[in-house]
Amino acid sequence: MKVTSFLRFAGFGIKTILFRKKDPILGTVIVTDRCNLKCRHCSVNNITAVMHPYAQIMGEMKTLYDMGVRILFFCGGETFLWRDGEKTIRDLVREAKQMGFLIVNVVTNGTFPIDLPEADLILLSLDGDRERHNAVRGDTYDTIMENIKNATSDNICFYMAINQINKDAVADVCRLARDTANVRAVSFNFHTPYPDTRELALSKEEKRECCEVIKQMMKEKVPVFNLKSAFPYLIENRFPTPCHQCVVIENGKISVCGRCIDVPGLCEECGYFFVAEYTLLFKGNPKIICEMLRTYLKYI
Ligand SMILES: C[S@@+](CC[C@H](N)C(=O)[O-])C[C@H]1O[C@@H](n2cnc3c(N)ncnc32)[C@H](O)[C@@H]1O
Ligand code: SF4
Ligand code: SF4
């Protein structure tokens with residue numbers, strides 16, 4: 001990360017903590033909800049299947065920028081499916097950088113060739129070893145591994161949503177992240193139980209066991225892009241929600257925190273690690289602040 005970016009984030013953090021401000025810093029643009037997969041745990045694919053036009057997405061990026069957002073995520077649906085004429089997700093990343101976003105990340109299912117060196121991180125969803133990943137995501141594991149091998153940059157971070165199907169495959173994904181070329185780290189979430197996927201949710205005890213495995217992996221030098229100081233809060237779901245410093249925009253509609261904000265009761269069962277990490281950070285939790293500084297400077 002550039003020194004100027006670091007100073008900007010540090011200034012934002014100090015102001016937010018001291019004056020209890022609610023201005024956003026992290027924004028997500030949903031470029032389409034169309035997807036080539038239909039994963040077992042996912043409730044947000046192919047609801048409209050609309051590809052949002054380039055001009056609309058540029059407008060949404062500008063809106064977020066003007067609100068103060070400087071960390072931008074592109075998400076879907078499948079981001080690598082997004083097209084408008086000749087434009088692809090790579091053009092959106094380049095435009096975002098040019099607009100002045102300091103960190104630009106893309107979330108993908110990894111089933112398309114990966115040529116996105118301009119992104120700071122490509123969060124590539126991997127949901128276990130071959131057997132369990134394919135049980136969640138269809139027969140895609142081998143294609144993804146081939147795409148990672150042929151990727152044109154080493155900015156990939158595995159992104160695993162831990163649920164009832166893959167909860168015993170956390171260590172497999174960790175070791176693969178450590179041992180695979182082009183992969184820089186791994187980041188986790190617990191399943192967030194939308195009404196149609198409640199059966200995949202983990203109990204507190206299961207979450208605790210997963211966190212123990214992740215901590216052990218950290219000791220074994222696995223590059224984990226999460227904060228272990230947030231684990232006790234994630235296990236017990238006792239972090240503040242929603243995250244006011246995060247916003248998402250989908251087809252012109254802005255939501256605080258996530259597009260899931262409208263699902264009744266979901267925030268009390270939220271499994272997204274970034275929500276715990278950011279809300280605790282901006283509450284001024286000293287352990288989280290120190291660990292966040294170390295982790296972000298290492299991986300971005
Ligand atoms: C909705 S997908 C969109 C991007 C891309 N299609 C992909 O799969 O990475 C973004 C991330 O959300 C995760 N996800 C989907 N449903 C979830 C849920 N109910 N709880 C936690 N994570 C979830 C996916 O596993 C994926 O890592
Ligand atoms: S690839 Fe992503 S958007 Fe598509 S179904 Fe799976 S989790 Fe949902
Ligand atoms: S806190 Fe609520 S809105 Fe935010 S990600 Fe979790 S469930 Fe979604």
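Tutor: Start with a definition. A residue is buried if 20 or more other C-beta atoms, placed from the backbone, lie within 10 Å of its own; it is exposed if 12 or fewer do, and partly exposed in between. This is a predicted model: local features need pLDDT of at least 70, side-chain atom pairs count only at pLDDT 80 or more, and totals for chains, interfaces and linings use all residues. Residues are numbered from 1 along each chain as its sequence is written, while chains are lettered from A and ligands numbered from 1 in the order in which they are written.

Student: Why is Thr79 called buried?

Tutor: Because 26 other C-beta atoms lie within 10 Å of Thr79.

Student: Where is Thr79 found?

Tutor: Strands (E, at least two residues) are DSSP runs, numbered from the N terminus. Thr79 is in the loop between strand E2 (71–75) and strand E3 (83–84).

Student: How do I read the side chains of a strand?

Tutor: In a regular strand, side chains alternate between the two faces of the sheet. Take E6, residues 121–125. Leu121, Leu123 and Ser125 point one way, Ile122 and Leu124 the other, and all are buried.

Student: Which strands pair with E6?

Tutor: Two strands pair if DSSP finds at least two bridges between them. E5 (residues 103–108) pairs with E6 in the parallel sense over 4 bridges. Here Thr108 stands opposite Leu124. E7 (residues 156–162) also runs parallel to E6, joined by 4 bridges. Tyr159 in E7 is the bridge partner of Ser125.

Student: Which residues come nearest to ligand 1?

Tutor: Near means a C-beta atom, placed from the backbone, within 6 Å. Of the 19 residues around ligand 1, Val107, Asn109, Ser125, Ala161 and Thr192 come nearest. E5 and E7 are the elements that give two or more residues to this shell.
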